[in-house]
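Subject: Model for your files

Hello,

Here is the structure we spoke about. Please look through it first; my notes follow below.

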Amino acid sequence: MLAILLKDYLIELRTKETLAALLTLGVLTLLVLSFAFDPTSELRPLAAPGTLWAAVVFSGVLAVNRSFLAERDNACLQGLLLCPIDRGTIYLAKAAANFLFMLAAQVVLLPLFMVFFNLTPSGALFRVCLVLVLGILGFAAAGTLFAAMSVRTRAREVMLPLLLLPIVMPVLIGGVVASGAVLAGKGLGEVQQWMQLLVVYDVVLLVVGWLAFEYAVEE
Amino acid sequence: MHEAAIRAEQLTRRFGVVAALNAVDLTVLTGEAVAIFGPNGAGKTTLLRVCGTLLRPSAGRVHLFGEDLRGAGAAVRRRLGVLSHQSFLYPDLTPTENLEFYARMYRVDAARVAELIDRTGLAGWAHRPVRTLSRGLEQRCALARALLHHPDLLLLDEPFSGLDVEAVQQIETLLGEERRRGVTMMLTTHDVERGAALCERALVLARGQLRWDGPSADLSRERVEGLFQIRRAG
Amino acid sequence: MSDDESIRSTGFRHIANDVLPMVVLAAMIAALWAVFLYVPSEADQGVVQRIFYFHLPPAIGTFVMIFLVAIASAVYLWRGGVFWDRLAQASAEVGLLFCSIVLTVGPIWAKPIWGTWWTWDARLTTTLILWMIYVAYLVVRAWAPSREQGARYAAILGIVGAIDVPIVQRSVYWWRTIHPAVLVTREGGHGLQDPRMQFTLILCFIAFFLLGAWLLWVRLESGRVHDEAEALRMRLADAR
């Protein structure tokens, strides 16, 4: 499993395509939504968590799609399937890679987000990071499974969001509410039920993905 | 005792309505080398892919080294080496990196990678992305990938197509060496002479069915083409 | 294929194909009569409230359908068998129909009663997302590279979707209870004291249940005929 992770990391190092896609769409979404909501209005802070998570979701769809598009060249996915390892392990490795890439993108996106919304680094931000980690994990788990499927269908750019977004709603809702509460100064204890929701979602999706992946990739 | 490396019983594989393979019965013994000829669309690639665990039969069974592929786990894939139209190589990585990756996946020593790079004559290009290699070099690298883990069964889909003379000779040498080690081999090709030279047994596949099965020495180009034309009575 | 064979017994077939549609028609007519002529108007909401009788049964129905899709999908993935795939697809189509009814009828009721077409409360939002899942299910079937792969992808989506729906419902419910509700929602059985209203509701449930069952049957049969035609085509192609 580590081998696959390492391989994806190496490819990324070479081509930087996934990070480029993640950052481009992430930054653009942040920008657009920042302007969409009146910068001078007092209600601005309310838009903050939504903007952040919209950026995560839109850039995430691209990243997760790319992770399987890349495997189509030279039928590398089949090369992987020929190896003597479990299909489920391939899934976990791919999901982990997507998770790490999305997290890495946050290194750029989060500071930008803070700048746009005039937030100062504090304990709250650390808690936001925690929410981000849980949410992105769930997104990566669902996204990896559905990306593997949608990459084979017609109109694949459309297929993935269509399949993924309804499924990923709990992450969006949980992420936005928890981030919002935390940014407003609440402690982790108060958002506990949301964190639990995210954890449950993550576990369920990872297990289902691990079991279902082989059906998603065989011909 | 010759165990059957491949045993296909009434193997059928459909794509939609069309049967690419139709009730094929086939036994390949360990150590044999079989060349499969047939017109385009005959089902040669499909046969190889089913035996390579990449496709599941629509009906019938396939056994590899005695194990039914239906319930087979990862272990049987360890004994398989597959070379296909597509190289299974990541275009942005170098041959070395590609082979090292697959070596880790198959739990093979790193030294083996170096050895294969030498044997396939890739040494000069081992540090350039696969994207930049010519088809002949890429094919050699793909073969190296297939041989990494000392497979007992080699499945090769048109290994010589689109290659220049030097590349073809390289591959022939490599395959000859593997044969001497007792590896079972099944390959498809349009090149009747070369296929017959490499393999002692030949099959002719047309429209998903086996038309001919016998020593390759008995086969000539004209005969093969004649077999392509045969239509089923009624 | 024993499931198919048992259904093939002519007695059941005869009932399903010939008698059932009549029964459904009768039930729907009875329901219409009950809703428009029989039951009294509700005190607070007036005439518009009658729509509710057409709103609740399909709402329950569509949620039952998604679980049927998930179960059929799981069996299909686990054991194979075209019947289960057909069942999953038929359930999804009927589920989509019911969901669409709910989403159309609901706002028609909401506007006069609440003054707005839509709110983002737990039930409405979940129903909307369920609708999107149904659509995605049918689209992925159509756009997959082959029938078999389409069936498999849709099955995975069906299972994940059904698991997701309760999670979505929970999360939206929590979400909406943090912010004060914009409107006081009054769905459900509040104020259905009058036994005539209860009778009407039950009648509508029965009518929609029969409708759903019949549509399911029709879809299953059409799927079976389609598959048999495919099989014949296969044999023709082989005998070429």
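Chain B comes first. Of its 234 residues, 49% count as buried, where buried means that 20 or more other C-beta atoms lie within 10 Å of the residue's own, exposed means 12 or fewer, and partly exposed is in between, with C-beta atoms placed from the backbone.

Some conventions before the rest. This is a predicted model, in which local features need pLDDT of at least 70 and side-chain atom pairs count only at pLDDT 80 or more, while totals for chains, interfaces and linings use all residues. Residues are numbered from 1 along each chain as its sequence is written, and chains are lettered from A and ligands numbered from 1 in the order in which they are written. For the complex, the predictor gives an ipTM of 0.82 and a pTM of 0.84.

Chain B

Chain B contains seven helices and 10 strands; helices (H or I, at least four residues) and strands (E, at least two) are DSSP runs, numbered from the N terminus. Its radius of gyration is 18 Å, close to the 17 Å that the globule rule gives for 234 residues, so chain B is as compact as a globular protein of that length. The radius is taken over C-alpha atoms, and the rule is 2.2 Å times the number of residues to the power 0.38. Along the principal axes, the C-alpha atoms of chain B fill a box of roughly 60 × 40 × 40 Å. Of the contacts in chain B with a separation of 6 or more, 68% are between residues 24 or more positions apart; two residues are in contact if their C-beta atoms, placed from the backbone, lie within 7 Å.

I looked at helix 5 of chain B in more detail. This helix covers residues 165–180, and its 16 residues should span 22 Å at 1.5 Å a residue; the end C-alpha atoms are 23 Å apart, which agrees. The expected span is 1.5 Å times one less than the number of residues. Buried in helix 5 of chain B are A167(B), Q170(B), I171(B), L174(B), L175(B) and E178(B). Seen down the helix axis, these buried residues fall within an arc of 125 degrees, so they line one face of the helix; the arc is that of the directions from the helix axis to the C-beta atoms. The buried residues pack against helix 3 (110–119), helix 4 (135–147), strand 7 (153–157), strand 8 (184–188) and helix 6 (192–198) of chain B. The other side of helix 5 of chain B has V165(B), E166(B), Q169(B), G176(B), E177(B) and R180(B) exposed. Just after the helix, G182(B) takes a positive phi of about 95 degrees.

Chain A

Chain A has eight helices and zero strands. The radius of gyration of chain A is 18 Å, close to the 17 Å that the globule rule gives for 219 residues, so chain A is as compact as a globular protein of that length. Its C-alpha atoms fill a box of roughly 55 × 35 × 30 Å, taken along the principal axes. Buried residues make up 52% of the 219 residues. Among contacts in chain A with a separation of 6 or more, 85% come from residues 24 or more positions apart.

Chain C

Chain C has seven helices and zero strands, and 35% of its 240 residues count as buried. Its mean pLDDT is 80, with 86% of its residues at 70 or more; pLDDT is the predictor's confidence in each residue, from 0 to 100. Over residues 179–190 of chain C the pLDDT is below 50, and this stretch has eight contacts in the model beyond near neighbours in sequence. Where pLDDT is low, the predicted coordinates should not be read in detail.

Interfaces

Between chains A and B, 20 residues of chain A are in contact with 24 residues of chain B. On the chain B side, strand 6 (80–83) and helix 2 (95–105) give two or more residues, and helix 2 of chain B gives the most, with four residues.

The contact between chains A and C takes 23 residues from chain A and 28 residues from chain C. Helix 7 (156–183) and helix 8 (192–217) of chain A each supply at least two residues of the chain A side. The largest share of that side, 10 residues, comes from helix 7 of chain A.

Regards
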